[in-house]
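Please keep the sequence and the 3D view open as you read.

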Amino acid sequence: MTVETPPLLVIDDVVTEYRTATRVVRALDGASLTAGRGETVGIVGESGSGKSTLGLLTGRLLPSGTRCPRGRVLVDGESVLDLPPDRVARLRRERLAFVPQDPIGALDPTLRIGRQLRLALRDTPADLAALLEQVRIRDPEHVLRLYPHQISGGMAQRVAVAMAMARKPALLIADEPTAALDSQVREEVLRLLFTLAAENGTTVLWLSHDLGGVARWCARIAVMYGGRVVEDGSTADVLSAPQHPYTGALLAADPARAKGGTRLLTIGGTPPVLTDDPQGCVFAPRCDSAGDDCPAVRPAPRTVAGRTVLCHHPGGTPETVPARKESAR
Ligand SMILES: Nc1ncnc2c1ncn2[C@@H]1O[C@H](COP(=O)(O)OP(=O)(O)OP(=O)(O)O)[C@@H](O)[C@H]1O
Ligand code: SF4
Ligand SMILES: [Mg+2]
C-alpha cells in the first residue's frame, strides 16, 4: 500500500482583511493554493492582487489588526492561524524562511550584518563569509562588519537570500527577491536560490512580476487576481495556452514577451480594491470574454486542460469539469 505524503502547504479558501482608520481592504478573497515538498511555485499577478499578503499569511506575519474571517492555512499539517504564539515562532524558526520585498527594512538597523547572520543561523555552524560569497558579495569579511544603512538595496537582497537559504528551510517565501539587482546578478542569485532549494528539498513560493524568470525557474505558476488564485497549473502549460482571460491579458501585456515591431497590449481598466464580499467575477469589468452570468455569479474552481481555473468561460478547450465545490459563502 502506498501512503501519499500530504502537501507541505495548504491554503484553503482564505479571506484576509486589512483594517485602516478609514476603511477595510479585503486583500485575499477566498484564496486557495497547495504546494508539495520541493515544489517551485511562481505567484504572479498585477500590483495589489494579493501576492505579498498570501506570503505573509503563510508565516502569520500580517500586521496586527488584520483579520482572517474565513479559511485555513496548514504548514506541514499545523494550522498556522490557530497556533499559540510560541508554536508559530517555532514553526517560522524551524521550517520557514522569508526573503521580503524590502530587505533593508527587514534588517535590524542597530546590528552589523555579521551579527544578524549569526542570530538568524542560531546554533547552526556556518562560515559567514562563505555564505556571502555564494551570493556573489565581494569582500564578504568587510560586508559582515557593516550596518544595514551602509549597504545598497541590491546587497541587502543578497544578504537576505543568503540568510534564508543557510537555514535549509522546508518552505521559502521569496517576495521579489531580486527586484533591486541588475539583470546579470539577478540571474546568478536566482540560479543559486533555486539550486540550493533543489539540493535541500525546499519548497519555494516566488512572488514575482517576472514572468520570464518564473518560466525558467518554477515548475508551477499560480496567477492571482482580486485576492484569489484564478489559474494554477504547470508553468509550461499555463504560459503556452492560458485558460483564464486574465492570464491571457497578463501575458499579452508583458514587455519581455512582446515581438519586435508589434504594439504591446495593455489591460484596460484598473485592478479592484475590494472592501467586502464581491458579487460575481471581479475581472468582469475588464474582461473581453465576459458573459451575462459573469457579473452576477462568482466563478468556482474547475479543472480545465489539466489545471485549476476560476472562470465561467475559460478559453482553449471545450472540455471542462468541476474541480471541487467552493465553500458556502
Ligand atoms: N498594511 C496594509 N494596510 C492596508 N491595505 C493593505 C496593506 N497591505 C496591502 N494592502 C492592500 O491589500 C491589497 C493586496 O496587497 P498586496 O501587497 O498583497 O499585493 P501584491 O500583489 O503583493 O502587490 P505588489 O505586486 O505591488 O507587491 C492591495 O489593495 C493593497 O493596497
Ligand atoms: S468569469 Fe467571466 S468575467 Fe470572469 S474571467 Fe471568466 S469570462 Fe471573464
Ligand atoms: Mg507584494
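Helices (H or I, at least four residues) and strands (E, at least two) are taken here as DSSP runs, numbered from the N terminus. This is a predicted model, in which local features need pLDDT of at least 70 and side-chain atom pairs count only at pLDDT 80 or more, while totals for chains, interfaces and linings use all residues. Residues are numbered from 1 along each chain as written, chains are lettered from A and ligands numbered from 1 in written order, and side-chain values use heavy atoms, without hydrogens and water.

First, the confidence: pLDDT is the predictor's confidence in each residue, from 0 to 100. The protein chain has a mean pLDDT of 89, with 95% of its residues at 70 or more. Over residues 316–329, pLDDT stays under 50; the model has 31 contacts (heavy atoms within 4.5 Å) beyond four places in sequence for this stretch.

Now to the spaces. On a 1 Å grid over the protein atoms alone, a cavity is a set of points where a 1.4 Å probe fits but cannot get out, and a pocket is an open set with protein on both sides within 12 Å along at least five of seven lines; lining residues have an atom within 4 Å of a point. Points are joined across faces, edges and corners, and a volume is the space filled by probe spheres set on them. There are two cavities of 30 Å³ or more.

| Largest pocket | about 710 Å³ | Phe98, Pro100, Ala106, Met163, Arg167 |

Which element gives the most to the lining of the largest pocket? It is S6, with four residues. Elements that each supply at least two residues include helix H2 (85–95), helix H7 (153–166) and strand S7 (171–175). The pocket lining divides into 17 nonpolar, four polar and six charged residues, where Ala, Val, Leu, Ile, Met, Phe, Trp, Tyr, Cys and Pro count as nonpolar, Asp, Glu, Lys and Arg as charged, and the others, Gly among them, as polar.

The second largest cavity is the space taken by ligand 2 (more than half of a molecule's atoms must lie within 2 Å of the grid points). Its lining has ten nonpolar, four polar and no charged residues. Of the 13 residues around ligand 2, Cys281, Cys287, Cys294, Cys311 and His312 come nearest (near means a heavy atom within 4 Å).
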